[in-house]
Amino acid sequence: PIPPAQLASLIDAHPKPPTLSSYSYGTAGFRYPAPLLPCAFVRMGIFSALRSASLGGEEVGVMITASHNPEEDNGMKLADSNGGMLDAAWEEHAVSLANAPNSKEAMVLISTLTRYIKGKYPQKNGGLPKMVVHVGRDTRSHSPGLAKLVVRAALAMGATVIDHGEVSTPMLHHFVMHANGHLLPGIIPQRCNESGYYEIMAFSYAALLRTGKLDGVGGKRLANTKELVIDGACGIGALKIDTFRKIFGKLNAEGCVGLPMLRTVNFPGEGPLNEICGAEYVQKLQLPPNLYSPKDKLMGMSKGYMTSFDGDADRVVFHFEDVNGKFHLLDGDKIAVLVSSFIQEELRCIDPDGQAVKCGVVQTAYANGSSTLYLKNVVKTNVVVAKTGVKFVHAAAHHHFDVGVYFEANGHGTVLFGPKFYDFIAQADAKLRGTPRNNRANIALRRLRLLPALVNQSVGDAMSDMLLVDAILYLRGWDLNTWAQLYSDMPSKQAKVKVADRTVIATNDNETAATAPEALQKALQSAMDAMAAAENRSDGPKPRCFVRPSGTEDAVRVYAEANTQNGADSLASEAMMLIY
Ligand code: NG1
Ligand code: ZN
């Protein structure tokens, strides 16, 4: 039985900040300047225990991070027992509890949820079912203190707490996914800790590389893919990649072929988190990251093949400097194209009609128009546009496709393999039994079978995505130019506008058009029409712009693309003027 007095006093000790009208659950959970968070964190510690109980004792997760936001911010992402984002109905309960004006009202909500759970899962002792909460945190200076509050509150509820310390967001989701019994059919259960995570990644990646030479196409590391430099955004990703670098050493010693040299830069403490470095900066500004690491560490480093992670390592973008020193960005759209075309081509080696498994890509309004056109016309795959935010794109991929690839342009994404994919693998296995091991269909089968292990299906994962992309380049025998030149991005411009109240701007479902204030969309449309008339092109994507309130920052975001950079810039400026 929960001692209510103890809970109430814990809540009382962390009152609501007077400057905040209410907490809202944004694109990816709660995210605010760190001093505003203790109140919400105590309550979410209690909440996460209740969520675990509400699933009959399945294990859930709390990740303390503000991802790509500046160091001053912190936040929380809640993981449900399947490793995915918190269920939408429970999001509402979380928000109500976070916003209860005082401990008395908070206790009323807690009792209501408790009664509901006890009704659903009656226990012999009259209490709640078992509760298990996994806690992880990023490298922000205030994360340990905030994590302690969550742990204390969950313990006060009687939950078992597994504190993983500093981990990436996708690692925590992976642990939670593996802690519970209901994994997808093709996923081998792993120990739900760091070594379990590293093992499955390393094993499946190395196994994928081993299929390299078999088809006589790839299995080559071209000049600019030999050394892979990882910009850790001065956050958790740098630390975790460094562990992986050591595993690479071991793999090498065991004779694993095809591994690139890994080099990590921008560790925690070497520079400010996410500032002038990391995936958000590189993607939004389309500029290379600043290198904060000491000079001796950078010596001899090539900028020929780089990735940038964000502050909690769930996003990754690639970039390189060509021989003329020109910067090229390979963003989430380029990753979606590479990954979806790879999977589709391998599937076709077994099923030439491509009918057995429905493949598709989920994008957001931020996807570059050229990428959408390429996916439809060249990859010839299905494309769905969903609302910004992982919870929406993830749900759409799951809903529409047997193999659903989703990537936000900012590099957050993954691949979901549905039951039909695993059936297909099983049938192919039976059909191909006894045929020569190295015929193309058998090679494809070996490759496809490894993907669900290498891909972190719980959520986008910078490390897993990086290894997947690298393996595909290796298997295809491609260098970065080949990948970059699949299509040329429409020049684009992204900007943020600070306004008094960003919620006055509302949008349609997939955020491609504004619905309020009333005249805004009309004005945006005429700006787009004028640009289209000025550019006067009959082929390719039309100029496009849209605006939406950010769910993670106190700003309105503006996006514009056109056939020239000037066109995109001026369309974005016009949209910004309309918002001011
Ligand atoms: P907001 O701030 O709502 O735009 C940003 C990203 C999302 C998603 C979330 C979660 C852009 C334009 N938006 O959301 O795609 O990644 O953060 O981290 O990149
Ligand atoms: Zn992130």
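Start by selecting α12 (369–379) and colouring its buried residues, which are Gly369, Ser370, Ser371, Thr372, Tyr374, Leu375 and Val379. Buried here means under 20% relative accessible area, exposed over 50%, and partly exposed in between, with a 1.4 Å probe and protein chains only. Helices (H or I, at least four residues) and strands (E, at least two) are DSSP runs, numbered from the N terminus.

This is a predicted model, in which local features need pLDDT of at least 70, side-chain atom pairs count only at pLDDT 80 or more, and totals for chains, interfaces and linings use all residues. Residues are numbered from 1 along each chain as its sequence is written, chains are lettered from A and ligands numbered from 1 in the order in which they are written, and side-chain values use heavy atoms, with hydrogens and water left out.

Next, show what covers the buried residues of α12: the cover includes α11 (332–350), β11, β12 (382–385), β18 and β19 (556–561).

Move to the N-terminal end of α12, where Asn368 is the cap. Asn368 sits in the loop between β11 (359–363) and α12. A side-chain oxygen of Asn368 lies 3.1 Å from the backbone nitrogen of Ser370. That meets the rule for a polar contact (a pair of N or O atoms within 3.5 Å; within protein, one must be able to donate a hydrogen and the other to accept it, and residues adjacent in sequence count only if both atoms are side-chain atoms). Asn368 counts as buried because its relative accessibility is 3%. Leaving aside neighbours within four places in sequence, Asn368 is in contact (heavy atoms within 4.5 Å) with Asp333, Asp489, Met490, Ser492, Tyr559 and Glu561.

Just after α12, select Lys380, where phi is positive at about 55 degrees.

Now select ligand 1 and the 15 residues around it; a residue is near a molecule if one of its heavy atoms lies within 4 Å of it. Thr27, Ser550, Gly551, Thr552 and Arg557 come nearest.

On a 1 Å grid over the protein atoms alone, a cavity is a set of points where a 1.4 Å probe fits but cannot get out, and a pocket is an open set with protein on both sides within 12 Å along at least five of seven lines; lining residues have an atom within 4 Å of a point. The largest pocket has a volume of about 1,000 Å³, and Ser24, Arg502, Ser550, Gly551 and Glu553 lie nearest its centre among 39 lining residues. β1 (30–33) gives the most to this lining, with 3 residues.

The largest cavity is lined by 28 residues; select His68, Arg315, Thr388, Glu408 and Asn410, which lie nearest its centre. α9 (278–285) and α13 each supply at least two residues of the lining of this cavity.

Finish with some backbone details. Ser67, in the loop between β2 (59–64) and β3 (73–79), has a positive phi near 50 degrees and is buried at 3% relative accessible area. Ala313, between β8 (306–309) and β9 (316–321), has a phi near 60 degrees and is buried at 4%. The last stop is the peptide bond from Ala516 to Pro517, which is cis, with omega near -5 degrees.

Technical notes
Points joined across faces, edges and corners; volume = space filled by probe spheres on them.
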